[in-house]
Amino acid sequence: MGMDAGLCNFPGCERPVAVRTGPGRPSEYCELPTHVRWRAWRERQRLEQQAAQQPDSVTVTAAAAVPAARLRADELLGQFRALAEQLGATLAGAVGELSALGDPSVAEEQVRAVQADAAWRIADADVRAATADTARRDAEEAKTRAEAAAEDAVRAAEHAQVAA
């Protein structure tokens with residue numbers, strides 16, 4: 001009954017057949033006490049029943065698993081595309097920065113831009129200082145005129161008191 005005369009005839013067992021030294025039929029099973037003819041027959045019956053029931057359950061399980069697997073694959077593909085785009089943008093930025101670092105004309109342009117900005121800030125500060133100086137001078141002149149007007153008013157008041 002076994003496929004190989006040297007292997008146990010119990011379903012799924014790959015042990016060698018037990019060697020008998022006495023009279024009688026040669027053994028078809030290994031030395032395990034549970035591997036006997038009637039248990040082997042029951043195991044074969046169980047496996048046949050399981051095989052008869054399993055194709056339906058496998059079909060149902062496979063049919064249910066395909067949409068879920070497809071959704072997961074679509075989700076993973078979307079994530080992969082997003083990561084690929086992000087990686088592409090990062091690499092493009094890095095290449096641009098590294099090119100700028102290696103190009104002396106870019107560095108010179110940046111230095112010129114900083115110098116121009118500094119010159120503009122100095123000129124703006126000079127304009128503010130000149131405007132403040134002009135306002136200070138105007139305030140001093142107004143103060144001098146106000147003091148002179150106050151002195152003239154005091155003299156006029158004194159002169160009016162004397163005449164009265």
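Student: How many salt bridges does the structure hold?

Tutor: This predicted model holds 14 salt bridges. Let's take a few of them in turn.

Student: What makes the pair Glu108 and Arg112 a salt bridge?

Tutor: Their side chains come to 3.5 Å, N to O. The cut-off is within 4 Å for a Lys or Arg nitrogen and an Asp or Glu carboxyl oxygen, so the pair qualifies.

Student: Why are Glu108 and Arg112 separated by about one helical turn?

Tutor: Because they are four residues apart in helix H2, which covers residues 104-163.

Student: And why is Glu108 called partly exposed?

Tutor: Glu108 has 45% relative accessibility. Buried means under 20% and exposed means over 50%, so a value in between is called partly exposed. Arg112, with a relative accessible area of 45%, is partly exposed by that reasoning too.

Student: How do you know that Glu147 forms a salt bridge with Lys143?

Tutor: Their closest N and O atoms are 4.0 Å apart, and the cut-off to set against that value is 4 Å. Both residues lie in helix H2, four residues apart, about one turn of the helix.

Student: What makes Arg155 and Asp152 a salt bridge?

Tutor: The N to O value for their side chains is 3.3 Å, and the definition asks for within 4 Å, so the name applies. Arg155 and Asp152 are three residues apart in helix H2, so about one helical turn separates them. Arg155 counts as partly exposed at 48%, and Asp152 is partly exposed at 43%.

Student: Which residues do salt bridges join into one network?

Tutor: Asp133, Arg136, Arg137 and Glu140 are joined into one network, through salt bridges that share partners.

Student: Which residues is Phe10 in contact with, leaving aside its neighbours within four places in sequence?

Tutor: Phe10 is in contact with Tyr29, Thr34, His35, Val36, Arg39, Ala40 and Glu43.

Note on methods: Residues numbered from 1 in each chain as written. Predicted model: local features only at pLDDT ≥ 70, side-chain atom pairs only at ≥ 80, totals over all residues. Heavy atoms only, no water. Helix = DSSP H or I, 4+ residues; strand = E, 2+ residues; numbered from the N terminus. Buried < 20%, exposed > 50% of the residue type's maximum accessible area, 1.4 Å probe, protein only. Contact = heavy atoms within 4.5 Å.
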